[in-house]
Amino acid sequence: MTNISVDDWRLPAVVAPDADYPVLAEVDVLVVGAGAAGVAAATVAAEAGKSVLLVEKYGFAGGAAVAGMSGTVCGLYLANGAGSSPEQVVWGFTERFRQGLAERGGLTPPQRYGRTWTSAHDPLVWRETADALLAAAGVRVLFHTSVVGVVMDGDAYRGAVLSSNAGTCVVHAARTIDASGDAALVARAGGRHTFGDAGRIQNPTMFFRLGGVDVDAFLSGYGEDTISPPWVSERIRQARELGADLPRDKIWIFTTPRPGELMVNATRLTGADGRMLNVIDPADFTDAEIRGRRQVREYARFIARDLPGCQDAYVVDTGVEAGVRQTRTITGAATLTNDAVVSGRKDPSGIARSPWPIELHDGERPRLHWLDDDYYEVPYLTLVPEAGENVIVAGRCLSAQHEALASARVTAQCFEYGHAAAVATVLSLDEGTPYRRVEGARVRSTMRQNGSAL
């Protein structure tokens, strides 16, 4: 397979406000991307009375949680060791969405994940929960619509160029929230960004679901911890020595809200030569998809053969795309540092708590650094690019060091980043204040009034 360098693709893609495109809409807020951060941002901004357009390339909301089938709401609970009970420390919009999933029967009770807990969701119910929230808030949603350019007036963002099967148009927006996960607008406007640690980014993976499982028998042998026990890892190593394509021996298996079903996080996707794949490059993304499907079949065969209760298991589906952990990271007005994460640093401008471990997937096996009985807070200005006006990001592309991002990128926190971006947007619009001059303490205060634990 031929690699196509990202240098072969043209960025930035900037047009002027008077460019010769039909104007689809003029709105207060344009939100790009309907993952956890985008759904939160669009809902909260619309509930505050702003006109909001949300655009999404897929035909559904969910982002990595649904298209990538990451499948769990990580980041809600403290890490507090064996024998403990789940202690939730993240609330706000995250809790609203968690409740919506639970009320629709689309969420499991907390499941043990090493020293902490997480809950698995049903991807269809995730979409339905998002649809309901967006509709109730009065958000205008455009699925099957991609951003191909950004409207700029000097250094001020004024909207975006959209493309669909209907053609190409522009949307003019007073403020833009880049919740694409890939910093799609910031990059197209020429904003500085990085890819991981000097280009070393976290591995993508391909989640899959198995049906036909005797779940009680499975749990009796595998155990209650979703992280594989030593005997499972040893059997994977033995199978690999016999030629099986099972690159990860530490795998994670979750029960789901559906009877007789498991969700599996096992694959590790690299190039044929073992190099890291940067899925911004479509050649690398294609490689990840093809290799991912092959590995899914290998792991499914192993599970059916070697794990109790799984002898009749079959692959129900994979994610719509390989699960993406990291692409572009913006250079922000502030940066979440590795030290802030490991020391549990609190911040007067903090807009989200995170108790999630540093969960780093950039080598032969996942590495976990636990934050026992503690959490850190993500500063507001990590969402604000260092340059440019009228734009803020929400989601995994926030400004963070490599290891810090491996903790901060997960679902519960992304909901709260979207929540924060929307609150900051309302303040910016109402007071005519640039994002970088909005006080993080005020964003925090409003979020607390909205139910966030800060």
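Analyst: Begin with a definition: a charge sits over a ring if NZ of Lys or CZ of Arg is within 6 Å of the ring centre and within 35 degrees of the ring normal. This is a predicted model. In it, the charged end of K346 lies 4.7 Å from the centre of the Y375 ring, over that ring. R127 is placed over the face of F60, 4.4 Å from the ring centre.

User: Is F60 buried or exposed?

Analyst: F60 has a relative accessibility of 13%, so F60 counts as buried.

User: How many aromatic pairs does the structure hold?

Analyst: There are 9 aromatic pairs. Planes under 30 degrees apart count as stacked. One of the pairs is Y58 with F60: the ring centres are 5.5 Å apart and the planes are at 5°, so this pair is stacked. Y113 and W356 are also stacked, at 5.1 Å centre to centre with 15° between the planes.

User: Which parts of the chain does the pair of Y113 and W356 link?

Analyst: Distant ones: Y113 belongs to strand β5 (residues 111-113), while W356 is in the loop between β17 (350-354) and β18 (358-360), 243 residues apart. Both Y113 and W356 are buried.

User: Which residues do ring pairs link into a cluster?

Analyst: F93, F97, W126 and F415.

User: What span does helix α8 reach?

Analyst: Helix α8 (residues 282-306) has 25 residues and runs 35 Å from first C-alpha to last, close to the 36 Å expected at 1.5 Å a residue. At its start, a side-chain oxygen of D281 comes within 2.9 Å of the backbone nitrogen of A283.

Technical notes. Residues numbered from 1 in each chain as written. Predicted model: local features only at pLDDT ≥ 70, side-chain atom pairs only at ≥ 80, totals over all residues. Heavy atoms only, no water. Phe/Tyr/Trp six-rings, centres within 6.5 Å; stacked < 30°, edge-to-face > 60°. Buried < 20%, exposed > 50% of the residue type's maximum accessible area, 1.4 Å probe, protein only. Helix = DSSP H or I, 4+ residues; strand = E, 2+ residues; numbered from the N terminus. Expected span 1.5 Å × (residues − 1). Polar contact = N/O pair within 3.5 Å; in protein donor to acceptor, adjacent residues only side chain to side chain.
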